[in-house]
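Please read them with the structure open.

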Amino acid sequence: MKLTDFVGNGEMLEQLMRSARAGRIVHALLFAGASGAGKRTAAKLFVQALYCTGAEKPCGACPACRRVAENTHPDVHVVRPDGRSILVEQIRALIDAVSAMPYEGGFHTVIIEQADRMTDSAQNALLKTLENPVVPVMFFLLSESVGGMLPTVQSRCQIVRFRALTTEECKGVLLKRGMEVRRAELLAGLSGGSVGRALEMDADEEYFPLRERVIKSLKTLKGPGSVAAAAFVLSADKEKSGDVLEIMETLARDRMAVENGAPAFGQEEAVPRIPGVNGETLLMGVMEMRRKLRSNVSWQNALEEMYFRICAL
């Protein structure tokens with residue numbers, strides 16, 4: 001993949017890449033944008049370019065490029081959330097790793113995924129190394145929400161914002177990848193224009209069956225007396241709670257758009273009608289349910305409480 005393939009962001013990334021090739025890149029980049037916008041892919045391309053030994057960087061074919069692509073390069077470090085957060089212990093282990101001499105590249109590179117999920121302690125622990133590492137280190141922080149990061153971390157990074165794609169732009173990218181027109185149109189809408197999320201949905205055999213269960217559960221909801229039956233439809237999907245809420249939120253936002261006169265991506269099944277439930281009511285319920293789950297309310301109780309709330313509004 002080339003940077004020019006990043007629809008809506010290719011020119012901006014190519015300019016940044018030219019600076020990297022010329023050695024004028026800052027040592028910490030904060031890639032900010034929605035999930036599936038291409039932040040991780042772009043970061044790996046930059047890391048390849050920094051280690052590449054080919055004539056056109058990144059060549060994708062030299063040993064260094066291949067090791068980066070295969071996640072086996074000894075000087076590339078990736079940090080991801082451990083559960084819901086990136087903990088201070090993970091950052092301390094990272095600091096120890098990048099304080100040692102690099103094996104072969106002359107410098108370390110670090111990719112911190114979902115960097116906004118670093119705890120405040122983790123972010124504070126990273127500050128000194130981010131500003132003045134013991135040995136050369138290039139940082140790539142990937143974040144959906146820059147606001148979730150401490151100002152002191154933000155100020156030490158060059159922020160690169162990934163523009164969200166329109167559903168039509170996303171659909172065009174999916175069509176170029178060989179996706180059938182009707183499915184590309186549906187996935188572009190369901191993903192909110194996120195190519196990465198659309199591809200995840202397409203590859204996940206469980207996504208559409210889960211979506212159908214969510215819709216069935218909501219359609220079963222016809223008043224307080226139906227709450228138990230409606231919740232039962234999703235009772236076995238506790239492990240997919242994040243996906244369930246994402247689907248509900250997408251349905252809510254799309255329903256709100258349609259209620260205000262927007263097209264339903266050309267397909268009614270993209271925004272199904274749910275009797276007795278409007279988009280705003282559902283969205284408010286989803287937001288409250290997220291808060292309850294973060295407070296360790298059980299899945300079944302949180303779901304039933306959300307449905308009672310929807311019926312009461």
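**Notes on the fold and strand S4**

1. The chain has 14 helices and five strands. Both are DSSP runs numbered from the N terminus: helices are H or I with at least four residues, strands are E with at least two. This is a predicted model, where local features need pLDDT of at least 70, side-chain atom pairs count only at pLDDT 80 or more, and totals for chains, interfaces and linings use all residues. Residues are numbered from 1 along each chain as its sequence is written, and side-chain values use heavy atoms, with hydrogens and water left out.

2. Of the 313 residues in the chain, 46% are buried (under 20% relative accessible area, 1.4 Å probe, protein chains only; exposed is over 50%, partly exposed in between).

3. Residues 24 or more positions apart account for 67% of them.

4. How many residues of strand S4 are buried? Seven of the seven, residues 137–143, so S4 is largely enclosed by the rest of the structure.

5. In a regular strand, side chains alternate between the two faces of the sheet. Val 137, Phe 139, Leu 141 and Ser 143 point one way from S4. Met 138, Phe 140 and Leu 142 point the other way. All are buried.

6. S4 pairs in the parallel sense with S1 (residues 28–32) over five bridges; pairing takes at least two DSSP bridges between the strands. Ala 28 stands opposite Phe 139.

7. S3 (residues 108–112) also pairs with S4 in the parallel sense, over five bridges. Ile 112 has Leu 141 as its bridge partner.

Terms used. Contact means heavy atoms within 4.5 Å.
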